[in-house]
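Please report on the strands, cores and chain contact of the structure shown here. Keep it brief and give the cut-offs.

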Amino acid sequence: MKTECPVCSAEIELAKDSVQGELIECPDCGTELEVISVTPPAVKEAPQEEEDWGE
Amino acid sequence: MKVSVSIVGASGYTGGELLRLLLFHPNVELKQVTSESYTGKFVHKIHPNLRKSSILKFVSAAELEPCDLLFLCLPHNSSQNKIDDYKKLAPKIIDLSADFRLKDSTEYEKWYGHKHARPDLLNEFIYGIPELHREEMKTANYISSAGCNATASILGLYPLYKNGMVELDRTVIEVKVGSSEGGNKVNEGSHHPERSGVVRSYQPTQHRHTAEMLQEMSFGKKMQIHFSATAIDMVRGLLATCHVFLKEDLQEKEIWKIYREAYGNEPFIRIVKESDGIYRYPEPKLLSGTNYCDIGFKKDEFSNRLVVMSAIDNLMKGAAGQALQAFNIMHGFDEKTGLEFPGLHPI
């Protein structure tokens with residue numbers, strides 16, 4: 001159940017009970033990812049929330 | 001197994017930091033700590049954080065007894081003039097000054113403006129960044145701990161230079177540093193009302209630590225590093241912002257791979273690059289008192305410029321912490337011994 005983060009290439013281990021559409025977080029770069037397929041495992045970058053980060 | 005250790009120059013900032021670490025190291029018997037200005041005084045008179053942690057008093061360097069290892073925390077140009085005396089006292093030495101960092105005495109003279117007193121010994125010292133020289137440290141008797149600005153800059157850029165990823169003459173590094181980097185000797189510029197709140201362009205060009213960066217990252221090739229240091233209103237901490245130009249148009253995930261490969265197993269290096277949250281890139285204040293070097297990067301989408309950010313506590317990973325890490329490696333102890341403090345949040 002391993003795949004790769006599309007942003008930083010970290011190995012992503014999907015949980016056994018993962019379902020399509022679930023949102024997970026990359027442990028390395030923190031990007032929110034959407035599970036687009038369970039078999040075979042695949043994720044894509046989830047839409048980002050509005051930016052709330054300043055100087 | 002306990003190693004008997006003494007610190008020469010323990011009333012300064014790096015000496016005091018080392019004292020703090022060694023007092024709680026399970027494999028160290030801290031024997032003597034020297035200070036010429038404070039001979040006979042309790043160490044907590046100068047380092048008040050050590051109240052109730054030690055009843056050691058400073059002694060004069062003239063009273064030093066033999067021990068297993070000496071840490072030298074002296075001002076520049078001191079240890080090279082007395083190195084034979086120190087060698088007689090201890091079979092192993094870790095020098096935290098700049099005296100034995102450079103291998104080439106001509107380079108030393110160029111950057112330090114005077115002849116080295118003992119050029120014959122320069123090659124006896126291993127340059128003290130464990131991430132670069134761990135294997136040599138395992139059997140070393142003499143280690144020269146690296147400069148703080150050099151440590152942050154080298155750790156940030158080393159994987160890129162080692163892998164030949166960047167242009168060799170366009171690296172620009174700007175380091176923001178806290179006031180403790182200047183040591184504990186006062187001057188007019190360090191007077192609180194003058195120093196507080198400053199953004200002082202301290203050394204825009206020709207900083208001595210550039211020599212260390214060139215030595216460790218050129219891999220026999222001709223290269224240039226353009227380095228500037230700015231003193232800001234922190235006490236501890238250092239952030240190096242390094243601008244390099246990639247030879248190829250790499251994607252960020254390929255750069256991730258380079259850093260993971262270089263540092264994936266390093267106990268004190270963390271890649272800090274997150275797409276959300278408050279602390280997305282390395283932040284020196286979170287590293288106060290820790291031995292971590294946090295490294296992040298961002299590629300300019302409109303060019304091949306890569307900005308690498310690297311943060312450390314200048315007194316820890318930039319001085320005493322990495323010296324202790326080297327000590328652990330020399331003696332076969334777990335590298336993290338005495339260096340487990342994870343830092344504070346909030347701070």
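Two strands pair if DSSP finds at least two bridges between them. Helices (H or I, at least four residues) and strands (E, at least two) are DSSP runs, numbered from the N terminus. By these rules, strand E4 (residues 32–37) of chain A and E5(A) pair in the antiparallel sense over 4 bridges. Within that pair, A:Ser37 stands opposite A:Ala42 in E5(A).

The model is predicted: local features need pLDDT of at least 70, side-chain atom pairs count only at pLDDT 80 or more, and totals for chains, interfaces and linings use all residues. Residues are numbered from 1 along each chain as its sequence is written, chains are lettered from A and ligands numbered from 1 in the order in which they are written, and side-chain values use heavy atoms, with hydrogens and water left out.

**Sheet of chain A**

E4(A) and E5(A) belong to an open sheet of 3 strands, in the order E3-E4-E5 (chain A), with antiparallel pairing. Strand E3 (23–25) and strand E5 (42–45) of chain A each have a single partner strand, so one side of each lacks a neighbour in the sheet. Neighbouring strands here are turned by 45° against each other on average, direction ignored. Axes are lines fitted to C-alpha atoms, for helices over the stretch in contact, and angles run from 0 to 180 degrees between N-to-C directions.

**Sheet of chain B**

Chain B has an open sheet of 7 strands in the order E9-E10-E8-E11-E14-E13-E12, with mixed pairing. Its edge strands are E9 (200–203) and E12 (269–271), each pairing on one side only.

| Strands | Bridges | Sense | Opposite residues |
|---|---|---|---|
| E8(B) and E11(B) | 6 bridges | antiparallel | B:Glu174 and B:Thr241 |
| E13(B) and E14(B) | 6 bridges | antiparallel | B:Phe297 and B:Val308 |

In a regular strand the side chains alternate between the two faces of the sheet. E8(B) has a covered face with B:Thr171, B:Ile173, B:Val175 and B:Val177. Its uncovered face has B:Val172, B:Glu174 and B:Lys176. Helix H7 (residues 209–217) of chain B lies across strand E8 (171–177) and strand E10 (225–231), running at about 140° to E10(B).

**Nonpolar cores**

A nonpolar core is a set of buried Ala, Val, Leu, Ile, Met, Phe, Trp, Tyr and Cys residues joined through side-chain atoms within 4.5 Å. Buried means under 20% relative accessible area, exposed over 50%, partly exposed in between (1.4 Å probe, protein chains only).

The largest core has 61 residues. Those with the most contacts inside it are B:Ile154, B:Leu157, B:Leu160, B:Ile173 and B:Val308. Helix H5 (residues 148–162) of chain B gives the most to this core, with 9 residues. Leaving aside neighbours within four places in sequence, B:Leu157 is in contact (heavy atoms within 4.5 Å) with residues including B:Ile173, B:Met217, B:Tyr259 and B:Val308. A second, separate core of 42 residues includes B:Ile126, B:Leu324, B:Phe327 and B:Ile329.

**Chain contact**

How many residues of chain B are in contact with chain A? The count is 13 residues of chain B, against 12 residues of chain A. The buried area is about 1,100 Å², of which carbon and sulfur atoms give 39%. Buried area is the accessible area (1.4 Å probe) that two parts lose on being put together, summed over both.

The rule finds 1 salt bridge across this interface. A salt bridge is a side-chain nitrogen of Lys or Arg within 4 Å of a carboxyl oxygen of Asp or Glu. B:Arg260 forms a salt bridge with A:Asp28, the closest N and O atoms being 2.9 Å apart.
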